[in-house]
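Welcome! Have a look at the sequence and the structure below, and then we will walk through a few features together.

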Amino acid sequence: MAYVAIADRDHPMHDPQTWIEKYVWSQDHKVIAIQYGSVAIGVGLVALVLSLLMRMQIGFPDTFSFITPYNYYQFVTMHGMIMVIYLLTALFLGGFGNYLIPLMCGARDMVFPYMNMLSFWVYLLSVIVLLASFFVSGGPTGGGWTLYPPQTVTEGTPGHDYGILLMLLSLAIFIVAFTMGGLNYVTTVLQARCRGMTLMRMPLSVWGIFVATILGLLAFPALLVAAIMMILDRTIGTSFFMPALMSLGELNGTDGGSPILFQHLFWFFGHPEVYIVALPAFGIVSDLLSTHARKNIFGYRMMVWAIVAIGALSFIVWAHHMYVSGMNPYFGFFFATTTLIIAIPTAIKVYNWVLTLWRGDIQLNIPNLFAIGFIFTFVHGGLTGLFLGNVTVDLPLSDTYFVIGHFHMVMGVSPVMVLFGAIYHWFPKITGKMPNEFLGRLHFWMTFLGTYAIYLPMHYIGILGMPRRYYAYGSTDFIPESAHAVNEAITIAAMVVATAQLVFLINVFYSLRKGKQAPDNPWGATTLEWQTPQTPPVHGNWGPKLPVVYRWAYDYSVPGEPKDFIPQNEPPKGHHSLANS
Amino acid sequence: MLTALLIAMLTAITVWWLLIQRLKDKPWTKQGVVPTSQETVTSSAPKVGLWVFLAVVSSLFGLFASAYMMRVGGHGGLASWQPLDEPNVLWINTLVLVLASGAMQVARNRIDRDDLDGGRSYFLGAGVLTLVFLAGQILAWQQARASGNLGPGSPAYAFFVLLTAIHGLHLVGGLWVLGRTSVRLFRGVDASNVVARSRIRTSVQLCTTYWHWLLLIWLGVFALLLST
């Protein structure tokens, strides 16, 4: 199998013969990418609805009788977990990783296509197991997306019986799926690049996905360890995480376990997870900005090193999520320092994005609007991270709406802006149709302004001390009436943003049916995926001969050249094309 | 701590690898076909895939070991850590796994020299020894439980069973691949079928690497158990 991805071939090999092989049990990385993307967006819509239900309760308490405290916590938990793992991770790595790595590296497919196919089906199984928890007795778990024991598995917490089991099982299955996919992504980048594609000629999208996959492969085992141990605590009565607990005056039989141990394991996965989502976004947005500003990326080498540095540093900051759990002050100092150090490579990336735009021929088309929007939302989310990274500032702000505002801006809205930008950018290549311009712009402005209307006020009510995770606030002295009015406004904004996502879906389906036929390279991009002989690319991607790469991925507006872009596979003047030799 | 060391090691390997890949290149100044390592390493994709997988497995055991150390170190609730008396059969099991690894290496050496007939009995022998090891581990669970110094709910006993079970499950996965390769080996391959022989050689090489690595992991787990 490994040889398929990297060989010239003058006859078809392993091509799908039947409809089922082509669209269901497909080993083609492009079909698997679309399968991953469709399921991720589908389950993401479920999470979106859950967030609306939460917001309706917070904005208009005592109005909706079907939202009880019990299922409010279930909505919170499922919303968080689905968005972070089953939407963002799956869509960036399973979706864009699958689509872009072989095409951008000049390969025919992933090196282990069968395992790649299994990866998707196992992922789908994990989603089904997760969603099944809505239908079991007690419903899904309501212990919060961090699943902290002992609360999560203790009587009184929603879904403490079957919901939490299905959640943990689903996570374990997801990790198996991710590992199968991740092995493919890493090995394909290392082994199946076409001739001339050195690492330092790879587009930053591939760099971001590549390093994020390595992070995932090393960090997801921590979640697996935690999930296995909690399943055993819940089912056969071990006490890995369960301390001695009194219930109605009697010990409940558990003894000697450590809830803090779970927190360490969870966040050893949880913080790299932020970058598993962020690094592909960083890479993709770099390519979007460069392409649509018609200018080479500023500081390419620095961008690569920053991705690698952020990836390495992300493993030594996890306990900044645990300041309120209590720790040795020296540890607090250590983790605060490492957290702030990450700001350096991250800031380098932000400066480089802005400098890429500087004096560029900026095309304000839909992908670029989302990319530029990302710079705003990411800077805002990142700056509030500097507050929360400091122990003394974090302690009063922890568990308030400030934290919600921060992490939604930095790892909710920002990656989603990139995802939308990426979908609009590669839509012509994936489908062969151009997205509708008006609907796309409407989608952008509603989403961009709407998310600001949601999350910016949250910082203010957070500083007022409004705690998160509350079903209803009642009347308290420290929360002024105006904060309740703000909450109402936030809920209305959330509904507007949710409606905007319908505009996006309408655009996708409308453009698929009625969209203008896309040319092979509508944006004038240099990277290899735009140089395929067919649009959308067919099985095997490249026809009989693999492409040969002669230059880096950012030859835009080169002085003296007739066109404002030079594709990576275009030979220098005076050279013969080796691809045809 | 162990995990931090593991991650540091993996990071160091990654950075070293990036350095040798000439990350200092200025790609915007160079045009034309730069020779890549692609032509020389294409056939090793399965090996690279295996090593990436072994990094994941190592991370998994490193994290289990970290959790174990943290629990021993006193993150508990009311009960303090009560160590387990490791059953003596674990020493015999360790010897059996060393022999399995050795048999695998002999099989690999012979099959690398194209001596498929000479290698296959050692290859199968490695599988049988691994089954003996797994049976021995189950015996060790029973002995640990029967020794009666700790109840089944005790963290030390639970960690002991968990660590050995996860290690055993990885070996079971290896046995499945070993079984498939054995079938091909015993079915015999025509000497002129270079591709099929090459695929068998690669499978045996991958199995050998996997067995050696799981032996190393077991030695680490055993040392960890003995140290507490």
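Which helices of chain B do the buried residues of α7(B) pack against?

## Helix α7 of chain B

Please keep in mind that this is a predicted model. In it, the partners of the buried residues of α7(B) are α3 (45–72), α4 (89–112), α5 (116–146) and α6 (155–187) of chain B. Those buried residues include B:I200, B:V204, B:C207, B:W211, B:L214 and B:W218.

Helix α7 of chain B covers residues 194–226.

## Two of its partners, side by side

α5(B) and α6(B) also pack against each other, at an angle of about 160° and with 10 Å between their axes. That angle makes the pair roughly antiparallel, because angles over 145 degrees count as such. Their crossing is left-handed.

Where they meet, α5(B) contributes residues including B:L116, B:F123, B:G127 and B:W141. On the α6(B) side, B:Y157, B:F160, B:G168 and B:F186 are among the residues involved.

## Chain A as a whole

Turning to chain A, you will find 14 helices and 2 strands. Its radius of gyration is 24 Å, close to the 25 Å from the globule rule for 581 residues, so chain A is as compact as a globular protein of that length. Along the principal axes, its C-alpha atoms fill a box of roughly 85 × 50 × 50 Å.

Of the 581 residues in chain A, 58% are buried. Among its contacts between residues at least 6 apart in sequence, 81% link residues at least 24 apart.

Definitions and conventions:
Residues numbered from 1 in each chain as written. Chains lettered and ligands numbered in written order. Predicted model: local features only at pLDDT ≥ 70, side-chain atom pairs only at ≥ 80, totals over all residues. Helix = DSSP H or I, 4+ residues; strand = E, 2+ residues; numbered from the N terminus. Rg over C-alpha atoms; globule rule 2.2 N^0.38 Å. Buried ≥ 20, exposed ≤ 12 C-beta atoms within 10 Å, placed from the backbone. Contact = placed C-beta atoms within 7 Å. Expected span 1.5 Å × (residues − 1). Axes fitted to C-alpha atoms, helices over the stretch in contact; angles between N-to-C directions. Parallel < 35°, antiparallel > 145°, perpendicular 65-115°, else oblique. Left-handed = near helix turned anticlockwise from the far one by under 90°.
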